[in-house]
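Colleague: I would like to learn how to read a few features off a model. Please take me through them one by one.

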Amino acid sequence: MTDAIPFLRPNLVQKDAYLRHLEAIDASHQYSNHGPLCTEFERRVVEEAYRGHGAFSTVNNATIGLMLAMRQAKRRGRYALMPSFTFAATPLAAQWAGLEPCFVDVDPATWCLDPEKLRAELARLGDEAALVVPYATFGTGLDLGFYAGLHRSGIPVVVDAAASFGTRVDGRWFGEGFPGFVVFSFHATKAFGIGEGGAVYSGDLEALQRLRRAGNFGFGPDRASCDQGLNSKISEYTAAIALSTWEAYPEKVRLRRAIHALYEEGLAASGALAEGWTLQARTGDIPFQFMPLLTPQGVSHRTVVARLADLGIECRTYFSPACHQQPQFAGCPAGDLGVTENLAARILSLPLWEGMGRLEVERVLRGLLG
C-alpha cells in the first residue's frame, strides 16, 4: 500500500539542538518573565534579521499578539477593517479588543486586502474606523509602504503576518521599520514552528514597550497595573526551542522554497496553469507553510479534496469558509465580498513539509490533475 501523504508534518528541532539551553535553565533557575534565553532570542532577531531597527517581543501565541496589538493601537472608533479571507483568529482578536470586524474584499491576484476598496470603506466609515488589520496572505510580502502611510496619517495599522516570519522583500526582512505592529505566529504548523508561540515587531520602540507592558499584566515600574493587561509571556523552555530553531531556520526555509518550486515546475509543465489552475501573485521570498492553489472556475475544490483523500493525500481549504461565512461573524458589517467568495469556493492548500521530495510532489500533482 502506498504511504499516505499528510497535509502537514511538523518538524520541530530535536532535543539535541536545545539540550544546552535546557541546562542553562537548570543553572539559572529562571523559567519565565523574559528570562535570559527569551531576551537572547529577541535580541538576535532584532540584530540579525532587522539590522538593529525596531523592537521585537515574544508572545505565547499569535492570537494573543493580535489582541494586544489591536488593543494598544486602536483609536477611538468602532470598527476593525480586515479581509474575510483570513483565519478566524483575526476577527476574534478584534472582538476581544472591543472592536467589531468590518470585512473588506481582497484583490483577485494577491488575495490581500484591495487597497481601493479599503480606501472607499475608510471614507465611508470616517472616525468610526478604529483600526486596519491587513493580512499578509500565506506569507506574502504585503506592500507595507501603503499601510505605513495609513498609519502615519492617523489610521492605526496592525499587520497580521502569521505566516510571514522570514519573508524577505528586496533583501529586507518583512516588516523592518514598520511604524505599526506586525504579528507573527510560531505555531508548530508554521515554517518557524516552536510548538506554540508568536511575536510582535514594531519600528516604534515606545509602542512596542507599551505592548510588552500590557503583556505583563499592564504593570508599570512600581508593579501596579495601569493598563488592561494580560499574561503573554513565553517560558524559558519555549525560548530554548526558539533559539535552536533560529539557528536551523535558514535551512528550513531553503527546503520549503525548494518544494514549492517543484510544485510550480510541475504545474507549468503539465499545462495546468493554462487550463485555469491559478497561483497567488506573491511578493518576496517566502518560507512557505503549504502550497495554495485555486481550482479552475466551476471546479469544486471539495471534489478535488475528496479525490485526493481517496488516493491517500490530505489537503485542506484555507480559508474556506471565509470568516464572514462563519456563524460567529455572520452579523458583522461587510461590503461586496464577491472576490472573497470566489476564492473561498476554489481555494486548495496542498501538502508542503520538510521531508517531501520530487516523488511526493509528483504524486500530489497526478492526483490533483488526474
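Colleague: Is Lys117 buried, partly exposed or exposed?

Modeller: First, the ground rules. This is a predicted model, where local features need pLDDT of at least 70, side-chain atom pairs count only at pLDDT 80 or more, and totals for chains, interfaces and linings use all residues. Residues are numbered from 1 along each chain as its sequence is written, and side-chain values use heavy atoms, with hydrogens and water left out. Buried means under 20% relative accessible area, exposed over 50%, and partly exposed in between (1.4 Å probe, protein chains only). Lys117 has a relative accessible area of 34%, so it is partly exposed.

Colleague: With which residue does Lys117 form a salt bridge?

Modeller: Side chains of opposite charge can pair when their charged atoms come close. The criterion is a side-chain nitrogen of Lys or Arg within 4 Å of a carboxyl oxygen of Asp or Glu. Lys117 pairs with Asp105, with the closest N and O atoms 3.3 Å apart. Lys117 sits in helix H5 (residues 115–125), and Asp105 in the loop between strand S3 (100–104) and H5. Helices (H or I, at least four residues) and strands (E, at least two) are DSSP runs, numbered from the N terminus. Asp105 is buried, at 3% relative accessible area.

Colleague: How many salt bridges does the structure hold?

Modeller: It holds 18. One of them joins Arg212 and Glu42, at 3.0 Å between the closest N and O atoms. Arg212 lies in helix H7 (residues 205–214) and Glu42 in helix H2, so this pair ties together parts 170 residues apart in sequence. Glu42 is buried at 7%, while Arg212 is partly exposed at 24%.

Colleague: Now strands. Why is strand S9 described as largely enclosed?

Modeller: In a regular strand the side chains alternate between the two faces of the sheet. In S9 (residues 198–202), 5 of the 5 residues are buried, so the rest of the structure largely encloses the strand. Gly198, Val200 and Ser202 are on one side, Ala199 and Tyr201 on the other.

Colleague: Which residue of S9 is the bridge partner of Phe56?

Modeller: Tyr201. Strands pair if DSSP finds at least two bridges between them. Strand S1 (residues 55–59) runs antiparallel to S9 over 5 bridges. Strand S8 (residues 181–185) also pairs with S9 in the antiparallel sense, over 5 bridges. There, Val182 stands opposite Tyr201.

Colleague: And the backbone? What joins Ser320 and Pro321?

Modeller: Most residues other than glycine have a negative phi, and most peptide bonds are trans. Ser320 and Pro321 are joined by a cis peptide bond, omega about 5 degrees. Tyr318 and Phe319 are also joined by a cis bond, omega about 5 degrees. His34, not a glycine, has a positive phi of about 55 degrees.
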